Amino acid sequence: MRQLLPAGSFRQAYAAGRLSQYLLLLACLAGVVGLLASRALVALSPVVGVLAAAANPQVRQLLKPWLRNAAAWQLALLYLLLLLSGFYTSQWAVWRHELYRLLPLLGVPLAFALAVPLSRRQQFWVGALFVIGLALLGAATMGRYLLNPAHALDLMRVGQNLPSVTRIFHIHFGIMLALACCFGLLLSRGAPTTGWLRWLLLTASAVAALTLHVLAYRTGLLVLYVALFADVVYFLLVKRRFLLGAALLLLLGAAPVLAYQLLASVRQRVSATVYDYNEFRYGHDINDLSLAKRLAAWQTARTIAGNNPWLGVGPADAQAAMMEQYEYQDFGIRPANRVMIHNQYLHYLVSSGITGLFLWLLALLGPLAQPRQRRNPYVWHFLLILGTAMLVDSLLEVQIGFNLFVFLYGFLVVATERRAEIGRLNPA
């Protein structure tokens, strides 16, 4: 009986590095599909990535460059901080669970630092799958909204919104749509794109932006406009293309005004946001108001951080500390409606103090100290969008947000630094 994969062919694929590269590609595709539709694939993706690293025939020679990869060890320091918090945590069960949940902080960078790197074409198709897949989900979710807009408007009155058709929570879905919009525009200018593919990517970007406006995803719109404003500043101050920059700035100012005039969902979202803020400001009942409860959580978190400035209360103890502080000042919020921090920077201050916040900022902003990272538009768009989103949500505390950040950090930041290292060692 003939073998489907002869042993000789397998050895050749291993020796040539193709096995490692294809496993890394499989891990990336599984990660993208998992983010869009399947938690199981997201969980398996880092495992396949580690296998890709182990399948690299030159893995031993790459151990020293891996240890020099600043992006990889910056994420490792965050995991080390969690590990050391075991000396002062009181929530042992939660701590052990977090040790397991956050293992991708080590595994994902290891995969991108040690496996045979993806080719430019492979990277392009992974990005295209992300952009086009999100555009399709956006279009399907818009269709569901149009079938029953009254239901969506009722959700917006209490600060909620429609999830995607694959049940991605609206905050994370909005952030992913903003990323897809920006990445689609960048990919459409890439070398492998010609003809119909370029138009497909531009259309996908437009669909992602339209979905954000029609469904009025507040966090997604915030990060999209911040990223687009940064692009305008880049054209004006760096490229010195004043006419184009001025036109884009005018368009950027007109788009939200037009959306407010034309879309009932945007008007409802603005109205609900103002109402939430005023209800919190005047001390009214905020039990059913999303933004108002978030403002109360920020004030509660600031109190805890002030009492535990250097090491915080411990990552595993953050929720217990928040609930305990609510007992002293509850803002009229019933126990069932008390929420967590919804700000990643404040979350690190509460859980790990100034030490944790410093290490988190090192991971987020440290890559921009490297010229090659700064020149990579995918890297700084990713860091800007996720960094802005984390001002209004604790993305790393929810699994899909954590997976989104760690996967893209490995795919973009760790891989970019590794390419820079390869270029330094092989200038020819």
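Predicted model: local features only at pLDDT ≥ 70, side-chain atom pairs only at ≥ 80, totals over all residues.

The UniProt entry, which is unreviewed, carries the annotation "transmembrane region" for residues 70-88, 100-118, 124-147, 168-187, 199-230, 242-263, 345-365 and 398-415. Let's look at two of those. Take 242-263: the chain there is 95% helix and 0% strand, and its end C-alpha atoms sit 31 Å apart. Now 199-230: that stretch is 91% helix with 0% strand, and its end C-alpha atoms are 24 Å apart.

While we're in that part of the chain, find Ala216. Ala216 is in the loop between helix H11 (196-214) and H12. Its phi is positive, about 55°, although Ala216 is not a glycine. Is Ala216 buried or exposed? It counts as buried, because its relative accessibility is 1%.

Compare that with Arg167. Here's another non-glycine residue with a positive phi, near 70°. Arg167 is in a loop too, between helix H9 (149-157) and helix H10 (170-188). This one counts as exposed, because its relative accessibility is 60%.

Okay, helix pairs. Start with helix H12 (residues 218-238) and helix H19 (residues 377-389). How do their axes cross? They come within 9 Å and cross at roughly 140°. So H12 is oblique to H19; the cut-off for roughly antiparallel is over 145 degrees. The crossing of H12 and H19 is right-handed. On the H12 side, the contact is made by Thr219, Leu222, Val223, Val226, Ala227, Ala230 and Asp231. On the H19 side you have Trp380, His381, Leu384, Ile385, Thr388 and Ala389. By type, the residues in the contact of H12 with H19 are nine nonpolar, three polar and one charged.

The other pair is helix H5 (residues 70-84) with helix H6 (residues 92-101). Their axes come within 10 Å and cross at roughly 160°, so H5 is roughly antiparallel to H6. The H5 and H6 crossing is left-handed. In the contact, H5 brings Tyr79, Leu82 and Leu83, and H6 brings Trp95, Glu98 and Leu99. That divides into five nonpolar residues, no polar ones and one charged.

Gln21 is in helix H2 (residues 18-37). With a relative accessible area of 16%, Gln21 falls under the 20% cut-off and so is buried. What does Gln21 touch, apart from its neighbours within four places in sequence? It's in contact with Val116, Pro117, Leu118, Ser119 and Gln122.

Then Leu295, which lies in helix H15 (residues 290-307). Leu295 is buried as well, because its relative accessible area is 17%. Leaving out residues up to four places away in sequence, Leu295 touches Tyr277 and Phe280. And if you look across to His342, 47 residues away along the chain, the C-alpha atoms of Leu295 and His342 are separated by 9.0 Å.

That's what I had, so over to you for questions.

How values were computed: Residues numbered from 1 in each chain as written. Heavy atoms only, no water. UniProt positions renumbered as here; feature names shortened; annotations may be inferred. Helix = DSSP H or I, 4+ residues; strand = E, 2+ residues; numbered from the N terminus. Buried < 20%, exposed > 50% of the residue type's maximum accessible area, 1.4 Å probe, protein only. Contact = heavy atoms within 4.5 Å. Axes fitted to C-alpha atoms, helices over the stretch in contact; angles between N-to-C directions. Parallel < 35°, antiparallel > 145°, perpendicular 65-115°, else oblique. Left-handed = near helix turned anticlockwise from the far one by under 90°. Nonpolar A, V, L, I, M, F, W, Y, C, P; charged D, E, K, R; others polar.
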